[in-house]
Amino acid sequence: MSWRSKLSHVFQELRIHLCQTSPSSTPTREFITRNYMDLKALNPTLPILIRECSGVQPRLWARYDYGVERSVPLDGLTAHEIDVKLEELVRKGVPDR
Amino acid sequence: MATTSGRRSAKLLQRIATLTPRLKPRPAVAACDWNPKSLQFWRCLHHGGDGVLLVPDVGRERKTSGSRQLASEGGRLPSSSASGGLRFATSAALPAVGAKVAKAEEMIEVSVDGQSVQIPKGMTVLQACELVGVSIPRFCYHSRLSIAGNCRMCLVEVEKTPKPVASCAMPALPGMKIKTDTPLCKKAREGVMEFLLLNHPLDCPICDQGGECDLQDQSMVFGSDRGRFTETKRTVLDKNLGPLVKTIMTRCIQCTRCVRFAKEIAGVEDLGVLGRGGSEEIGTYVENLMTSELSGNVIDVCPVGALTSKPYAFTARSWELKSTESIDVTDAVGSNIRVDSRGPEVMRILPRLHEEVNEEWISDKARFSYDGLKRQRLSEPMIRRPDGRLEAVSWHDALEAVAEAAHQVKPEEMAGIAGKLSDAESMMALKDFLNKMGCERIWSEGDGKSANVDMRSSFLLNTGIASLEYADLCLLVGTQLRWEAPLVNARLRKAVRSSRAKVASIGPPTDLNYPHQHLGTGTETLIRIAEGRHPFCAEFGRAERPAVIVGSGLLEHSDKSAVMAAVEMIVKHGNAVRDDWNGFNTILLNAAQAGARDLGLVQGARAGNKEIKFLYLLGADELTPADIPADSFVVYQGHHGDRSAYRADVILPGTVYTEKEGTYENTEGLTQQTSPAVPTVGDSRDDWKIIRALSEIAGVRLPYDTANGLRARMLAVSPNLLRIDDLEPPSDFSFTLKNQFPSTVALSSFPKAVENFYMTDSITRASRTMAQCTAAFFGKRE
């Protein structure tokens, strides 16, 4: 997937928030287990922070240049849908300041 | 103090009650809940009448660890009727280290003062009484040390025994009827008290322990009003234990708590009892100093003024001091402390009880480095003029100078470094500010520029400090645990002592205070173990709960990825990471490191590595001037005029941990907050506020104005930083997701991460006491 190698061109940092145990975060955990290795191998300089905390709703945060951030709630999405969302974010590109 | 007439004693107690409003029950108890050094504690017993004692609660709810739950299952807790909110603290009732604790089926019934209670088998009479709420006076008994039974103050009457029994040593048997307030008990206590005071000098006015002395308190409540001793009291020569512990051995009542502490908890067999009977003396005999890093805790365990704090000597009385609960930042353990201050000055630092982190102990660095808070403090913003001198200016001018310099360089040429003692709030503000300016180069001291902080489990102590006690095999890789995190070492020592855990270390040879195997010094040994060619592998494979602790000093090592891959292999083969047990740990060195990693203080994806022309140091002092390019503009925001201030072009004075409410995460991931104990010095401001003001002047205003706003922002970055006092365990994805083993590895020894234990950051380097310790102890250690 060519968009996967473009992550570090678009984002400065990716953060994924999830809960350690709740079922609403299970797809997110699946997504991480399946995709983290590839994403990291293709984008070694991109920090992909996985931050777990009990009771939080799963969210994906993307940080661009100049501190601009976008966040996508991942509640209710399957692992594949999360993948699609990430691709969307990559294709949307850098937001206007 | 010991001899007051019977008629006046009731009036005296009333006077004391009015004179000491500070002794009301308050969250931070003096030493610890089972042996509080406050008259209030013993007064309750006197006025109680029915013998039921209500002990002040220790503070916020702690997550119950396994042993605490057991204790609370055991007894009926008294209702908190009369004293509005006083609860019984159960940690006093824990059996001593190494005692086998019975399961729920093995409960026995005893009766204490007529009240019957179910207690676990194996508890002593004293512990059984504690469960009911009756606190028995004692001097030599300490819940975390072995039982001595030599003070005899805990004598209680048990039905059908010919003599009163030492309740601290007597195991409670089923059907025992224990009576603690009979005339015989009272007579026994008066007698013991009289004997203790026989040879005790009349030092109360000049003794530092006055006001928080067990002997004073217990003699007021349990002692008789007159003594019969008319001979000459014996005196004992003082011993020199070093620059930290002051000894006035005449006051010693030979309870041997210090001897047992040094032997069992600290692991140094320095102290011993010499002589017999009336000529007993506690000392080292061979004129040794107490070199242990936990030596200051003997000051807390000593019930009288024999062992006191030398730096604190003659400076204050306990009732003048205002206590504030806070967290220690001199290392990454996050020990809970109580900062005692008088006015604007911190007078002393004492430990606070936290079962899961530091129990009741703190390291010497945490306890004695407070005098560095007064020296070399930056109190005004300064700008370096062209002639090289620093000139004090107003905040506006200083911030304008910084903003101007920041706009003159390109964003790729800016960088920020967070220091060892930075709190999460200021690091968040710094990151946000620099990111808004377009700068992606920010990192934390001690982490290196390109640390991988993606998975929390890769940089935290996953086992948890408290659960390390249950490990049966521990491999230390590249860490001198004793100097990097003394309290984690004390926990491991507990595991070694109580369950015969085995510890092996790879790295510089250290004396760890417990028997351990030194397998090798560097990568060669580690790789041999990882490949299975070392005899240790068999042991590791057999262990049920193995733990590996990797020092974070290794992360600056050149062969970092090889080391981590080898450790990963070892962990996998030993099955150290499973659902019920995560044995892979990293021990961090600084208080700011875990917070920095959680906030993602690493370089962004496209940070580049152009030469740095603008450097923002948030209290970062480990850089030598050689590390900083000669023509770069350096802004130093910190509290001490340490190394980096000499190179700084603009100095912005910030606050220390005793002056601010800052969030710190410890090495196991527990988020804790400090509280301001003293006002700020001079014109200094909170770190995050300085950055917020700077952002406004620089035109990139940060979106938060208040601490709550900043914390809401932190929630968006790393939500566990808002869960104060709550351990958020990291999930373990990490072991399926790491690097591959590289083909060539340079064989090298692991370096020492801490050269001088007593001077590791700007506060300790400014402290006179730490300098004395370095001079006294440094040469004596390896």
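Start by selecting helix α6 of chain B, residues 214-222. Here D214(B), L215(B), Q216(B), D217(B), Q218(B), S219(B), M220(B), V221(B) and F222(B) are buried, where buried means under 20% relative accessible area, exposed means over 50%, and partly exposed is in between (1.4 Å probe, protein chains only). That is 9 of the 9 residues of α6(B), so the helix is largely enclosed by the rest of the structure. Helices (H or I, at least four residues) and strands (E, at least two) are DSSP runs, numbered from the N terminus.

Before you click on, some ground rules. This is a predicted model, in which local features need pLDDT of at least 70 and side-chain atom pairs count only at pLDDT 80 or more, while totals for chains, interfaces and linings use all residues. Residues are numbered from 1 along each chain as its sequence is written, chains are lettered from A and ligands numbered from 1 in the order in which they are written, and side-chain values use heavy atoms, with hydrogens and water left out.

**Stop two: the annotated stretch**

Now select residues 184-223 of chain B. UniProt, in an unreviewed entry, places the feature "domain: 4Fe-4S His(Cys)3-ligated-type" there. UniProt positions are given in the numbering used here, feature names are shortened, and annotations may be inferred rather than shown by experiment. Over this stretch the chain is 60% helix and 0% strand, and the C-alpha atoms at its ends are 13 Å apart.

**Stop three: two salt bridges inside chain B**

Show the side chains of D203(B) and R251(B). They meet in a salt bridge, 2.8 Å from N to O; the term stands for a side-chain nitrogen of Lys or Arg within 4 Å of a carboxyl oxygen of Asp or Glu. D203(B) sits in the loop between α5 (183-198) and α6 (214-222), and R251(B) in the loop between β6 (245-247) and α7 (257-266), so the pair ties together parts that are 48 residues apart in sequence. Are D203(B) and R251(B) buried or exposed? Both are buried.

Why can such side chains pair up at all? Side chains of opposite charge can do so when their charged atoms come close.

Next, pick E159(B) and K179(B), whose side chains form a salt bridge at 3.4 Å, N to O. E159(B) is in the loop between β3 (155-158) and β4 (165-166), while K179(B) is in strand β5 (residues 177-179), 20 residues apart. E159(B) counts as partly exposed because its relative accessibility is 35%, and K179(B) is partly exposed too, with 27%.

**Stop four: where the chains meet**

Colour the two chains separately and find the interface. There, 39 residues of chain B are in contact (heavy atoms within 4.5 Å) with 35 residues of chain A. Together the chains bury about 2800 Å², 48% of it on carbon and sulfur atoms; buried area is the accessible area (1.4 Å probe) that two parts lose on being put together, summed over both. Which three residues of chain B supply more of its buried area than any other three? Select D454(B), R606(B) and F733(B), which supply 24% of the area that chain B buries against chain A.

Between the two chains you can count 7 salt bridges. The elements that give two or more residues to chain B's side are α11 (424-436), α17 (593-599) and α19 (707-717). Of these, α19(B) gives the most, with 4 residues.

Zoom in on R63(A) and E440(B), a salt bridge whose closest N and O atoms are 3.1 Å apart. R63(A) is buried, and E440(B) is buried as well.

**Stop five: a look into chain A**

Select I82(A), in helix α3 (residues 79-92) of chain A. I82(A) counts as buried because its relative accessibility is 1%. Leaving aside neighbours within four places in sequence, I82(A) is in contact with P27(A), T28(A), F31(A), L74(A) and L77(A).

**Last stop: zoom out**

Show chain B as a cartoon. Its secondary structure comes to 21 helices and 26 strands, and buried residues make up 62% of its 782 residues. Over all chains, the salt bridges come to 60.
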